[in-house]
Amino acid sequence: PDSNEDLSSIVLSANGRVFSAGHDLAELKSLSPDRSHELFSLCSSLMMTIREIEVPVIAQVHGLATAAGCQLVASCDVAIAGENAKFATPGVNIGLFCSTPAVAVCRAVPTKQAMHMLLTGEPITAQEALQYGLVSKVVPEAELEEATTKLTDRLSSLSPTVIGFGKRIVYEQINCDLGKAYRLTSKAMAENAGFADCKEGLSAFLEKRTPQWGN
């Protein structure tokens, strides 16, 4: 973001026993339909912000990530999970189908696996989440913070301009047809080649030195 020029990544983590159990069910029960719509729209807006912000957003997951918590993991650019983490979209168990979580989960996970999660409400393990593509990496619980720090350190060593530009282009092209995607990314690469950081990166590579990125 323009107001955070030194920001190279955002990590979403939790201090309690779970990553996120989603919405407060007691609160949901007390809300009118209009207030419920406001709440779910606000949650959806947060998920869109994660996608649109030109900084990588990383989920550091331990314990349970259920319902909107699972949606949050699916919405992040990268997700690192502890080996004991579990993920679920269990709304069907209480009569409230996880429709908004389905938006993110179905874009991160193959349809058959996503439908199994949504229709049964059954949790999946961290290894299953890795196999399905819901998370990027699974590590021992004791190494979770270290693995996240290693990733954020790596991201901070790269050009923030190029990272932000690249994130936006990846998501723009991903739902395009093949021809449109190649036209979009060909234009993007030509634009990127004109960036000062690209010129610096090429010079640094040829001169065998560490690049000095701009803001």
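Visitor: Which helix gives the largest share of the lining of the second largest pocket?
Guide: α2 does, with five residues. This is a predicted model; local features need pLDDT of at least 70, side-chain atom pairs count only at pLDDT 80 or more, and totals for chains, interfaces and linings use all residues. Residues are numbered from 1 along each chain as its sequence is written, and side-chain values use heavy atoms, with hydrogens and water left out.

Visitor: Which elements supply at least two residues each of that lining?
Guide: α2, α3, α4 and α8. Helices here are DSSP runs of H or I with at least four residues, strands are E runs of at least two, and both are numbered from the N terminus.

Visitor: What is the volume of the second largest pocket?
Guide: About 340 Å³. That is the space filled by probe spheres set on the grid points, which are joined across faces, edges and corners. A pocket is an open set of points on a 1 Å grid over the protein atoms alone, where a 1.4 Å probe fits, with protein on both sides within 12 Å along at least five of seven lines; lining residues have an atom within 4 Å of a point.

Visitor: Which lining residues are closest to its centre?
Guide: Met-47, Met-48, Arg-51, Val-103 and Arg-107, out of 17.

Visitor: Where does Arg-51 lie relative to Tyr-171?
Guide: Over the face of the Tyr-171 ring, 3.8 Å from the ring centre. The test asks for NZ of Lys or CZ of Arg within 6 Å of the ring centre and within 35 degrees of the ring normal.

Visitor: How many aromatic pairs are there?
Guide: One. The rings of Phe-165 and Phe-195 have centres 5.0 Å apart and planes at 75 degrees, so they sit edge-to-face. Rings of Phe, Tyr and Trp (its six-membered ring) pair with centres within 6.5 Å; planes under 30 degrees apart are stacked, over 60 edge-to-face, the rest tilted.

Visitor: What does the pair tie together?
Guide: Parts 30 residues apart in sequence, because Phe-165 is in helix α8 (160–173) and Phe-195 is in the loop between α9 (178–193) and α10 (196–206).

Visitor: Is Phe-165 buried or exposed?
Guide: Buried, at 7% relative accessibility. Phe-195 is buried too, at 17%. Buried means under 20% relative accessible area, exposed over 50%, partly exposed in between, with a 1.4 Å probe and protein chains only.

Visitor: New topic. Which residues touch the most other members of the largest nonpolar core?
Guide: Val-61, Val-73, Phe-87, Leu-134 and Val-135, among 30 residues. Such a core is a set of buried Ala, Val, Leu, Ile, Met, Phe, Trp, Tyr and Cys residues joined through side-chain atoms within 4.5 Å. α3 gives the largest share, five residues.

Visitor: What is Val-73 in contact with?
Guide: Leaving aside neighbours within four places in sequence, its contacts are Phe-19, Ala-59, Val-61, Ala-65, Ala-79, Phe-87, Leu-134 and Val-135. Contact means heavy atoms within 4.5 Å.

Visitor: How many helices and strands in the chain?
Guide: 10 helices and seven strands. Buried residues make up 34% of the 215 residues.
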